[in-house]
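Q: Please take a close look at one residue in this model, then at the element it sits in and the space around that element.

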Amino acid sequence: MARAGIVFLHGVRSSSTMWRRHLGALQAARRIACAPDLPGHGRRRGTGFTLDGALAVVEDAAGDLAASGAPVVVVGQSLGGYVGLHWAARTGLPVAGVLAAGCSTLPAPSVVGAYRLAAAAVALLPDHGAWLNDRLAAWTLPVAGARDAAAGGYALDVMQDVLRAIARVRPLEDIRSLGPVPVWIVNGAWDHFRAQERAYLRAARNGRLVVVPGAKHVVSLEAPVALMRVVFELLDEVDGRRDAESWGS
């Protein structure tokens, strides 16, 4: 049987380029992987973001992997984590595992509303928040991580669309519906999106919580080596289970 393939899903305002080093590590390990741009981001900037559009992008990317015979593991950071869980709970493709990083806060109306107000204020700035976005990246990310995040350009006009869409997702329901599929939750120790990580873990029948010391919200860029260790551990578990199951077939 083919080994699992990986679909990486990026965070809000960033793009697929945030996964460049991760894709390189998987290529070196002879794993198939891809990192599509979600609607309104990267090469799809200017198209607007919708949840249905994001699910379609993931479905297409995962479908290409599944067509080669590979079961699919989806790895998402922040926005990508919410989208990855939502997609995995609904697709008819073979989902072998989900790794959701930096998305362990439930999108309650009060939370989404506060972020929408902040996003509206930033959008009123003369540069629509470009300087602030660049400064935050420089202050919070290592040099290589900031470079990868910026390589595909920043989508500064998607926040309201994204927040409206994320208000529709129900991560705990998505996790429960995945049944025995491995769902691994990864957060930086200083991530402000850790609020409900234990609830996420309880919702997973086959879950694991990994907290990365010293990392903040964008653990994929702040601690890429630590994240890739977890990715490879998940792949080992997925392939081990498939190997074990193949013995009984």
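A: V122 counts as partly exposed, because its relative accessibility is 29% (buried is under 20%, exposed over 50%, and partly exposed in between, with a 1.4 Å probe and protein chains only). The model is predicted, so local features need pLDDT of at least 70 and side-chain atom pairs count only at pLDDT 80 or more, whereas totals for chains, interfaces and linings use all residues. Residues are numbered from 1 along each chain as its sequence is written, and side-chain values use heavy atoms, with hydrogens and water left out.

V122 lies in helix α4 (helices are DSSP runs of H or I of at least four residues, strands are runs of E of at least two, both numbered from the N terminus). Leaving aside residues up to four places away in sequence, V122 touches H128, G129 and L132 (contact means heavy atoms within 4.5 Å). V73 is 49 residues from V122 along the chain, and 35 Å separates their C-alpha atoms.

Helix α4 also has a part in the largest pocket: with eight residues, α4 gives the most to its lining. A pocket here is an open set of points on a 1 Å grid over the protein atoms alone, where a 1.4 Å probe fits and protein lies on both sides within 12 Å along at least five of seven lines; lining residues have an atom within 4 Å of a point. The space in the largest pocket comes to about 1200 Å³, the volume being that filled by probe spheres set on points joined across faces, edges and corners.

In total 47 residues line this pocket, and V12, R13, Y115, M159 and H217 lie nearest its centre. Two or more lining residues come from each of α3 (79-88), α4 (109-123), α5 (130-140), α7 (159-166) and α10 (219-222). By type, the lining has 30 nonpolar, twelve polar and five charged residues (Ala, Val, Leu, Ile, Met, Phe, Trp, Tyr, Cys and Pro are nonpolar, Asp, Glu, Lys and Arg charged, and the others, Gly among them, polar).

Helix α3 is mostly covered, with ten of its ten residues buried; among them are Y82, H86 and W87. Across the protein, 51% of the 249 residues count as buried. The secondary structure comprises eleven helices and six strands. Of contacts between residues at least 6 apart in sequence, 77% join residues at least 24 apart. The C-alpha trace spans about 65 × 35 × 35 Å along its principal axes.
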